[in-house]
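Here are my notes for a first look at this entry. Please keep the structure open while you read the points.

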Amino acid sequence: MRRFAQLALFSVVVLPVWAYQGSDHDDKAAAASVAATTTAPEVNADEIIHKFAAKEKEFSEALQNYVYRQTSKIQELDDAGDAVGKYEMTADMTFSPEGKRVEHVVRAPVSTLKNLILTGEDLDDLKNTQPFVLTTDQLPLYDIRYLGKQNADEISCYVFSVKPKKLTPGKRFFEGQIWVDDRDFQIVKTYGKAVGYQKKSDDQQFPKFETLREQIDGKYWFPTYTHADDTLHFKDHPQKIRMLVTYKDYKKFEGKSTIHFGDVVDDKSKDEPKKP
């Protein structure tokens, strides 16, 4: 994100990205980075890494066959923590009659953001970095270090620190920690921030975020919400933000089927998925 220059006009180049606290998770704050509570020297970390990366690749391919609704919101906060500006967009991630992935905007109120400009990096983060996936193909790009075991809620997990080996121009990376279910070998939680891509001369700042997944159709752990409550330290002035992105109504796409989401954007799924 960038701050507005003085007297700059807010154009309609704001992209469908980022979010604010609201909805079902109003009482949740983004988790702090916490060291794993236990260590297990007998664990073969390399074997675990390759197992979960293979499962992540399988999950990533499966996700391409699902439709879902994504709501992205952001609030600018004043020094007292009160909202002074807001951006929101709801879109259905679905398919065209030809079977191509398309984004159908359902709701996009006029933005009231006063101090922030959302950039291409923000869009990239929303689609790729915040719902972080670490597949076999991506392993060579990251330094991955085993930290030990820790529960994510009631799920027993292996915890790893993840950091890009090198920042590649034009590409965003994740840096932080991941929690991997020790039974399904899939990522159920991430905490960290997006790094790379922006020019050094740009005064862009990106928040630390937490993404949680839930088990969908009894097999895959899909992202269901990303949250951040952070202060972006720009050169001229710090800016508090609150962010929430929700991913709901996952349905497996069938080529001959038509998926109808309806007109209501704040509806809750009747079938509650398994939560970590």
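1. Start with a single side chain. Lys-149 and Asp-182 are joined through their side chains by a polar contact of 2.7 Å. Bear in mind that this is a predicted model.

2. Stay with Lys-149. Its side chain also makes a polar contact with that of Ser-156, at 3.3 Å. Lys-149 belongs to strand E6. Its relative accessible area is 23%, so Lys-149 is partly exposed. Val-180 lies 31 residues away along the chain from Lys-149, yet their C-alpha atoms are separated by 9.3 Å.

3. Now the sheet. Ten strands form an open sheet with antiparallel pairing, in the order E4-E3-E2-E12-E11-E10-E9-E8-E7-E6. Why is one side of E4 and of E6 left without a neighbour? Strand E4 (101-107) and strand E6 (142-152) stand at the edges, and each has a single partner strand. On average, neighbouring strands are turned by 20 degrees against each other, direction ignored.

4. One pairing in detail. Strand E9 (residues 187-195) runs antiparallel to strand E10 (residues 209-216), and the two share four bridges. Gly-192 has Phe-209 in E10 as its bridge partner. Helix H1 (residues 45-63) packs on the sheet. The strands touched by H1 include E9, E10 and strand E11 (220-233). The direction of H1 makes about 100 degrees with that of E11.

5. Look at Arg-213, which sits in strand E10. Is Arg-213 buried or exposed? Its relative accessibility is 2%, so Arg-213 counts as buried. Its side chain makes a polar contact of 2.9 Å with the side chain of Glu-56.

6. Next, the charged pairs. How many salt bridges does the structure hold? There are 14. In one of them, Lys-57 meets Asp-137 at 2.9 Å, N to O. This pair links distant parts of the chain, 80 residues apart: Lys-57 is in helix H1, and Asp-137 is in the loop between helix H2 (120-129) and E6. Lys-57 is partly exposed at 29% relative accessible area, while Asp-137 is exposed at 55%.

7. Another salt bridge joins Arg-183 and Asp-184, at 3.9 Å, N to O. Arg-183 is exposed, with a relative accessible area of 59%. Asp-184 counts as buried, at 15% relative accessibility.

8. Arg-242 and Asp-229 also form a salt bridge, at 3.4 Å, N to O. Arg-242 lies in strand E12 and Asp-229 in strand E11, so the pair ties together parts 13 residues apart in sequence.

Methods:
Residues are numbered from 1 along each chain as its sequence is written. This is a predicted model: local features need pLDDT of at least 70, side-chain atom pairs count only at pLDDT 80 or more; totals for chains, interfaces and linings use all residues. Side-chain values use heavy atoms; hydrogens and water are left out. Two strands pair if DSSP finds at least two bridges between them. Axes are lines fitted to C-alpha atoms, for helices over the stretch in contact, and angles run from 0 to 180 degrees between N-to-C directions. Contact means heavy atoms within 4.5 Å. Buried means under 20% relative accessible area, exposed over 50%, partly exposed in between (1.4 Å probe, protein chains only). A polar contact is a pair of N or O atoms within 3.5 Å; within protein, one must be able to donate a hydrogen and the other to accept it, and residues adjacent in sequence count only if both atoms are side-chain atoms. A salt bridge is a side-chain nitrogen of Lys or Arg within 4 Å of a carboxyl oxygen of Asp or Glu.
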